[in-house]
Amino acid sequence: MSELNGPFSGGPTLNDGATMPWLGLGVWQTKDGEEVIQAVKTAVETGYRSIDTAAGYNNEEGVGQAIRECGVPRDELFITTKVRNPDQGYESTLKAFEVSRKKLGLDVIDLYLIHWPVKGKYRDTWKALIHLQKEGLVKSIGVSNFQVHHLQDIIDDTGVVPAVNQIEFHPLLTQREVLKFAKAHDIQVEAWSPLMQGNLELPLLKELAERYGKTVAQIVLRWDLQQGVITIPKSVHAERIVENAGFFDFTLSDDDVQAIEELNQNHRFGPDPDNFNF
Ligand SMILES: NC(=O)c1ccc[n+]([C@@H]2O[C@H](COP(=O)([O-])OP(=O)(O)OC[C@H]3O[C@@H](n4cnc5c(N)ncnc54)[C@H](OP(=O)(O)O)[C@@H]3O)[C@@H](O)[C@H]2O)c1
């Protein structure tokens, strides 16, 4: 595990050769303007180098402003955004990408994701992402909320394996099938709602936090890391943004990693990727 103990630099190498940080700041439900600008700047000052936004979060402009003003060179930052469901399809994705790129004020996006596997659309959306990568406008392309059958479908259709699958992943939803498929196909898994949207009151997690002298959030984020899963906790509070970066300096025992895994209840805080209507 020693390679996982470095602080913010470095991270897993994606299947296209790019490096992505283990930790990023999530900005879903963070308001555009001052709130998102402050959150991103605080994160960058703390040492975060990765930011996860989406067209659907309506805060790409604020994220872009914070990137320009934060004082860290652009090539040291890793910026993710996503195409939202109503924009899916080939031509409409290309257009939506240009809108995101302008709002962020960036020449090149580090990672562009299909936000959800919209039936009848996601195959064409994936082809648009492949095109954007060929054009050099996106470094890495990936998906979000894809189940094994969705992944298999786009791989069979195009032969191009997504670099990343960003999925809901936390102690109550441990996603073994998706993780196994991802490992076999060299797809990097990234956890959304890693902190269970703030629902951290689980007795085992509290016991571990006490035993390791860490907070529950740090225990859960460390558990992500030890499974090779990238994590993107969201907070708008400076003290929590700092707290959520404090998991690189300790190691959970294998037994404790397993004990957390056994909390799984296949419980989703978000929608089911096989049954959503937006
Ligand atoms: N691809 C997708 O479909 C998808 C879906 C959902 C989320 N995401 C991404 O994943 C990111 C993270 O997921 P999320 O925002 O749903 O939830 P999360 O990171 O699991 O939890 C965020 C919630 O926990 C609170 N919190 C943060 N740090 C804490 C700490 N140390 N102790 C106690 N509470 C804490 C936050 O409150 P405060 O802000 O008030 O501190 C917020 O209410 C999102 O921001 C987004 O970038 C992607």
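Is Gln166 buried or exposed? Gln166 is buried, with a relative accessible area of 2%; buried means under 20% relative accessible area, exposed over 50%, and partly exposed in between, with a 1.4 Å probe and the protein chains only. The model is a predicted one, in which local features need pLDDT of at least 70 and side-chain atom pairs count only at pLDDT 80 or more, while totals for chains, interfaces and linings use all residues. Residues are numbered from 1 along each chain as its sequence is written, and side-chain values use heavy atoms, with hydrogens and water left out.

**Gln166 and the sheet**

Gln166 belongs to strand β6, residues 164-168. Helices (H or I, at least four residues) and strands (E, at least two) are DSSP runs, numbered from the N terminus. The side chain of Gln166 makes a polar contact of 2.8 Å with that of Asp52 and another of 3.1 Å with that of Glu190. A polar contact is a pair of N or O atoms within 3.5 Å; within protein, one must be able to donate a hydrogen and the other to accept it, and residues adjacent in sequence count only if both atoms are side-chain atoms. Beyond its neighbours within four places in sequence, Gln166 is in contact (heavy atoms within 4.5 Å) with residues including Lys82, Leu113, Trp192 and Ile232.

The bridge partner of Gln166 is Ser144. Strand β5 (residues 138-144) pairs with β6 in the parallel sense over two bridges; two strands pair if DSSP finds at least two bridges between them. Eight strands make up an open, parallel sheet in the order β1-β2-β3-β4-β5-β6-β7-β8. At its edges stand β1 (25-26) and β8 (230-231), each with a single partner strand, so one side of each has no neighbour in the sheet.

The largest nonpolar core has 85 residues, and Leu25 and Val40 have the most contacts inside it. Such a core is a set of buried Ala, Val, Leu, Ile, Met, Phe, Trp, Tyr and Cys residues joined through side-chain atoms within 4.5 Å. Helix α8 (residues 216-226) gives the most to this core, with seven residues. Among the contacts of Leu25 outside its sequence neighbours within four places are Val40, Tyr48, Asp52 and Ile241.

In helix α2 (residues 60-69), the buried residues include Val63, Ala66 and Ile67. The buried residues of α2 pack against α1 (34-46), β2 (50-52), β3 (78-83) and α3 (90-104). Gly71, with a positive phi near 90°, follows α2.

**The ligand site**

Of the 29 residues around the ligand, Asp52, Ser193, Leu195, Ser235 and Arg240 come nearest; a residue counts as near if one of its heavy atoms lies within 4 Å.

| Residue and atom | Ligand atom | Distance |
|---|---|---|
| Leu195, polar backbone atom | oxygen | 2.8 Å |
| Gln197, backbone N or O atom | oxygen | 3.1 Å |
| Asn244, polar side-chain atom | nitrogen | 2.9 Å |

The protein covers 89% of the 900 Å² of accessible area that the ligand has on its own.

Ser193 lies in the loop between β7 (188-192) and α7 (203-212). Although Ser193 is not a glycine, its phi is positive, about 50°. Ser193 is buried, with a relative accessible area of 12%.

Key. Areas by Shrake-Rupley, 256 points an atom, 1.4 Å probe, with all protein chains shown as cover.
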